[in-house]
Amino acid sequence: MARKTARRQTADRVVMMTNGPRARVGRILEIDRPRPRTRKKLLEHPDYCRLREGLLSFLKDCDQH
């Protein structure tokens, strides 16, 4: 029996929420890399570190409030 292989897709943006019961959209991080793209290609791209740092900074800031 043939199996279908699911293809993973990467998002065009990451919607980050604030903490708590009144959570709201805190920041939207746009992923402006051309498609098609793979996780491997994203990890190798020069902008990856900048995007990752933006996400981690947001999480750190939320954790301090």
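Leaving aside neighbours within four places in sequence, T18 is in contact with A23, R24, G26, F58 and C62, where contact means heavy atoms within 4.5 Å. This is a predicted model, in which local features need pLDDT of at least 70 and side-chain atom pairs count only at pLDDT 80 or more, while totals for chains, interfaces and linings use all residues. Residues are numbered from 1 along each chain as its sequence is written, and side-chain values use heavy atoms, with hydrogens and water left out.

**Overall architecture**

- The chain holds 2 helices and 2 strands, these being DSSP runs numbered from the N terminus, with helices as H or I of at least four residues and strands as E of at least two.
- Read along the sequence, the elements follow the pattern β-β-α-α.
- Of the 65 residues in the chain, 15% are buried, where buried means under 20% relative accessible area, exposed over 50%, and partly exposed in between, with a 1.4 Å probe and protein chains only.
- The accessible surface of the chain comes to about 6,200 Å², and 53% of that surface belongs to carbon and sulfur atoms; the areas come from the Shrake-Rupley method with a 1.4 Å probe.
- Among contacts between residues at least 6 apart in sequence, 36% join residues at least 24 apart.

**Helix 2**

- Helix 2 (residues 48-64) has 17 residues, which at 1.5 Å a residue should span 24 Å, and its end C-alpha atoms are 25 Å apart, in agreement with that expectation; the expected span is 1.5 Å times one less than the number of residues.
- The buried residues of helix 2 are L51, F58 and C62.
- These residues cover an arc of only 30° around the axis, which puts them on the same side of helix 2, the arc being that of the directions from the helix axis to the C-beta atoms.
- On the other side of helix 2, C49, K60, D63 and Q64 are exposed.
- The cover over the buried residues of helix 2 includes strand 1 (13-17) and strand 2 (25-30).

**Nonpolar core**

- The largest nonpolar core has 7 residues in all, namely M16, L29, I31, L42, L51, F58 and C62; such a core is a set of buried Ala, Val, Leu, Ile, Met, Phe, Trp, Tyr and Cys residues joined through side-chain atoms within 4.5 Å.
- Helix 2 supplies the largest share of this core, 3 residues.

**T18 and F58**

- T18 is found in the loop between strand 1 and strand 2, and T18 is buried, with a relative accessible area of 18%.
- Not counting residues up to four places away in sequence, F58 touches M16, M17, T18, G26 and R27.
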